[in-house]
Amino acid sequence: MPASTPPPIEYDPRFEILEEDEGDTQAELLDVLHGIADTTFRDSGKPLRSVHAKSHGLLKAELRVAPGLPRTLAQGLFAQPGSYPVVLRLSTTPGDVLADSVSTPRGLAVKVLGVRGERLPGSEHDSTQDFVLVNAITFLNAGPKAFLGGLKMLAATTDKAPALKRTLSAALRKAEGLLERGGTDSAALKAIGGHPATHPLGDTYYSQTPILYGPYMAKVALAPVAVGLTQLHGQPLDVTAAPNALRQAVCDYFAQQGGEWELRVQLCTNIEEMPIEDAAAEWPESVSPYVPVARLVAPPQAGWTEALSAAIDEGLSFTPWHGLAAHRPLGSVNRVRKAAYEMSARLRARRRGAPIVEPVSLDELPFGP
């Protein structure tokens, strides 16, 4: 870490504070997510996720933990140098499968295989570590109640008026574009369809909410560093050209070349400026910058296939609660989402008539040679 950065502070249970009626909020959140899944299953016959239903890239990669990390960074998965196989799933946020002209925030889920160590409850028999990332620095809502309110709005529009959504999204993109030309942006506009129509592989993806990092606390980011990827940052993409324009762009890229990202962590060094319980608060990089701890390297490959979709979209689940005790998710948003991830996986397994099982090897998935 830069010499001028204060040392990280150690986790204290007092930093986590239950939101008022958090249990009731969680129960209602589960009902809303179940309702979204019921709607899409009724309409499509497919056991879709309640959020991030549509994938745009399904990739294999290798995580290479850097040697010589200082003690504060050599924690958990990153305690020792080494290489791990990885599954990547690039998606967008809605629970219904929409044409890409409805432009919403992008997600990148990372599943690291072959990870050993003390496990989080519920994943004791697994050997994976998941990071669930989105291309925005902070979560849209500060806490569970606000999150529930936004989710209710999303649920009310699930599988309704796709043509209207496309028209509205085009207008929202224009409004967001005007804001960005003025030097600002709106997370709310992006969330409801105004996300800029740009290439998804040029973005940096963030955990938004904090996790344990050994005895410390941190947020995680995945930033493109390969020239082919960095050149895509902000690159316009015609999302009206085809319903699956994002997927085609990912496949076109990986048909020609591979990609490389840095996995970075931002350690909490000041609990007042870097709170645990306000998921909408940005941790200032002026106080503690993101620091690389590993590289993620993906070779040229298909990028997405129907077989991979059946195996990964339908057969796997991604949750930050799959992992090491050293990387336990922190804060109220993560606490209520734990039950949501578990409910979603159980529901999808029942509806597909087959269990959702954590992979041990990439050989279990149809990536091909």
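Which residues in helix 1 meet which residues in helix 8? The points below take this up after a note on the model.

1. This is a predicted model, in which local features need pLDDT of at least 70, side-chain atom pairs count only at pLDDT 80 or more, and totals for chains, interfaces and linings use all residues. Residues are numbered from 1 along each chain as its sequence is written, and side-chain values use heavy atoms, with hydrogens and water left out.

2. Glu22, Gln26, Leu29, Leu30, Leu33, His34, Ala37, Asp38 and Phe41 of helix 1 meet Ser332, Arg335, Val336, Ala339, Ala340, Met343, Leu347 and Arg351 of helix 8 (contact means heavy atoms within 4.5 Å). This contact divides into 10 nonpolar, 3 polar and 4 charged residues (Ala, Val, Leu, Ile, Met, Phe, Trp, Tyr, Cys and Pro count as nonpolar, Asp, Glu, Lys and Arg as charged, the others, Gly among them, as polar).

3. The axes of helix 1 and helix 8 (residues 332-352) come within 10 Å and cross at roughly 35° (axes are lines fitted to C-alpha atoms, for helices over the stretch in contact, and angles run from 0 to 180 degrees between N-to-C directions). Helices are DSSP runs of H or I with at least four residues, strands runs of E with at least two, numbered from the N terminus. The crossing is right-handed (the near helix is turned clockwise from the far one by less than a right angle; anticlockwise is left-handed).

4. Helix 1 (residues 22-44) also packs with helix 2 (residues 144-157), at an angle of about 20° and with the axes 10 Å apart. Helix 1 and helix 2 are therefore roughly parallel (angles under 35 degrees), and their crossing is left-handed.

5. Asp21, in the segment before helix 1, has a positive phi of about 60° although it is not a glycine; Asp21 is partly exposed, at 42% relative accessible area. Gln208 has a positive phi near 70° and is buried, at 7%.

Key. Angles under 35 degrees count as roughly parallel, over 145 as roughly antiparallel, 65 to 115 as roughly perpendicular and the rest as oblique. Buried means under 20% relative accessible area, exposed over 50%, partly exposed in between (1.4 Å probe, protein chains only).
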